[in-house]
Amino acid sequence: MATSTSAGAPSGAVDQERVQRFLEKVITDGGAAVAGLCTSLGDRLGLYTAMAGAGPLTSARLAARTGLVERYVREWLDAQVAGEYVTYAPGTDTYQLPDEHAAVLADPDRSTYAAGFFTMLQAVYATEDSLMDAFRTGEGVGWEEHGPALFAGTAKFFRPGYAAALVPEWLTALDGVVEKLERGARVADVGCGYGYSTTLMARAFPRSCFRGFDFHRPSVEAARGIAAERGVADRVSFDVATAQDFPGEGFDLITFFDCLHDIGDPGGALRHAEHALADGGTCMIVEPNASGHAQENTNPVGRALTAASVAVCLPSALAQHGPQALGNHAGEEAMRKIADDAGLHHWRLAAESPVNRVYAVGR
């Protein structure tokens, strides 16, 4: 067994080829981390949108289309070429965003749009010092302690997936729920955030009544504005409440979209939901598609999700001083036991996407 030197490095033989390969991986990751800032800037400044479908553009032409300074635009474009986000034709000194890349970076209405992830980074990196303290003390970093970019970025990231799958796939995978919604049902969307999930359901099922609940007042206020913009304020309401005390009962459907793992007392949340359900009602629990076994998360989605758990999910749950802090990859078995202990004994994996798993849960 190798011993350690005073500097902390192993004294045994080191495979220099493996060292070099790992160094390259770390440099690649570091480059991606810095490049993420450029991706966020390109999204927020409208650069990707301006390039989408426009064909080859010079940096001056793109600057003119966006009202930005050409010198900065050229520097940004060169970084995009280095990252293989944008192509470059040296003969004409022009840059082009391929249509396939525009589908990921330029159109918020596409299910493949992923730029919201980079909006979140602004807030996540800003809390590094708070996270260092949390590692030392065991205390949490509350959701509300982050900057607005986290709330907006989270909503922006999840919205395309919800828009693509919630109504046509996830709800239809729940036994009898769509029929109830079409006739007129009562729905509680717990931990609704900006309410994109709530308004999507409300637009699809105008005979039903929807109530969104979230403990974060700025998100609730944003949700109210979004509902009004989408013309569903007549059948949607949003209120500040926690998952353990939201008002109302007799709900035919109670939803938890990517939030149950952020709650310091997920068992208490599900016990409250069980009491608030109507007879024959259903809970829909949407959780990240990550495994409770670390070795099964060695893929791009698993890596992103588990890193987000370190930065946001676990600290948010610990800040609530509840009995359980799950993180976002506790796994199905752990979640199912919590639901069973809460009186929700029927559990079924109803649908799945690369990012989410959807569970149908009932008494």
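Q: Which strand does Val358 lie in?
A: This is a predicted model. In it, Val358 belongs to strand S9, which spans residues 356–362.

Q: Is Val358 buried or exposed?
A: Val358 has a relative accessible area of 0%. The cut-off for buried is under 20%, so Val358 counts as buried.

Q: What is Val358 in contact with, leaving aside neighbours within four places in sequence?
A: Trp170, Met284, Ile285, Val286, Arg348, Leu349, Ala350 and Ala351.

Q: And what separates the C-alpha atoms of Val358 and Asp258?
A: The separation is 9.7 Å, for two residues 100 residues apart along the chain.

Q: Switching to helices. At what angle do the axes of H6 and H8 cross?
A: Roughly 160°, and the axes come within 7 Å. H6 covers residues 116–126, and H8 covers residues 148–170. The angle is over 145 degrees, so H6 is roughly antiparallel to H8.

Q: Left-handed or right-handed?
A: The crossing of H6 and H8 is left-handed.

Q: Which residues meet there?
A: From H6, Gly116, Phe117, Thr119, Met120, Gln122, Ala123 and Val124 take part. On the H8 side they meet Ala149, Leu150, Gly153, Thr154, Lys156 and Phe157.

Q: How many of those are nonpolar, polar and charged?
A: The contact of H6 with H8 has seven nonpolar, five polar and one charged residues.

Q: What about H1 and H6, what angle do they pack at?
A: About 125°, with the axes 8 Å apart. H1 runs over residues 16–44.

Q: Which residues of H1 and H6 meet?
A: Ala33, Gly36, Thr39, Ser40, Asp43 and Arg44 of H1 meet Phe118, Thr119, Leu121, Gln122 and Tyr125 of H6. By class, that contact has four nonpolar, five polar and two charged residues.

Q: One more residue. Where is Ser59?
A: Ser59 sits in helix H3, residues 59–66.

Q: Buried or exposed?
A: Ser59 is buried, since its relative accessible area is 2%.

Terms used: Residues are numbered from 1 along each chain as its sequence is written. This is a predicted model: local features need pLDDT of at least 70, side-chain atom pairs count only at pLDDT 80 or more; totals for chains, interfaces and linings use all residues. Side-chain values use heavy atoms; hydrogens and water are left out. Helices (H or I, at least four residues) and strands (E, at least two) are DSSP runs, numbered from the N terminus. Buried means under 20% relative accessible area, exposed over 50%, partly exposed in between (1.4 Å probe, protein chains only). Contact means heavy atoms within 4.5 Å. Axes are lines fitted to C-alpha atoms, for helices over the stretch in contact, and angles run from 0 to 180 degrees between N-to-C directions. Angles under 35 degrees count as roughly parallel, over 145 as roughly antiparallel, 65 to 115 as roughly perpendicular and the rest as oblique. A crossing is left-handed if the near helix is turned anticlockwise from the far one by less than a right angle, and right-handed if clockwise. Ala, Val, Leu, Ile, Met, Phe, Trp, Tyr, Cys and Pro count as nonpolar, Asp, Glu, Lys and Arg as charged, and the others, Gly among them, as polar.
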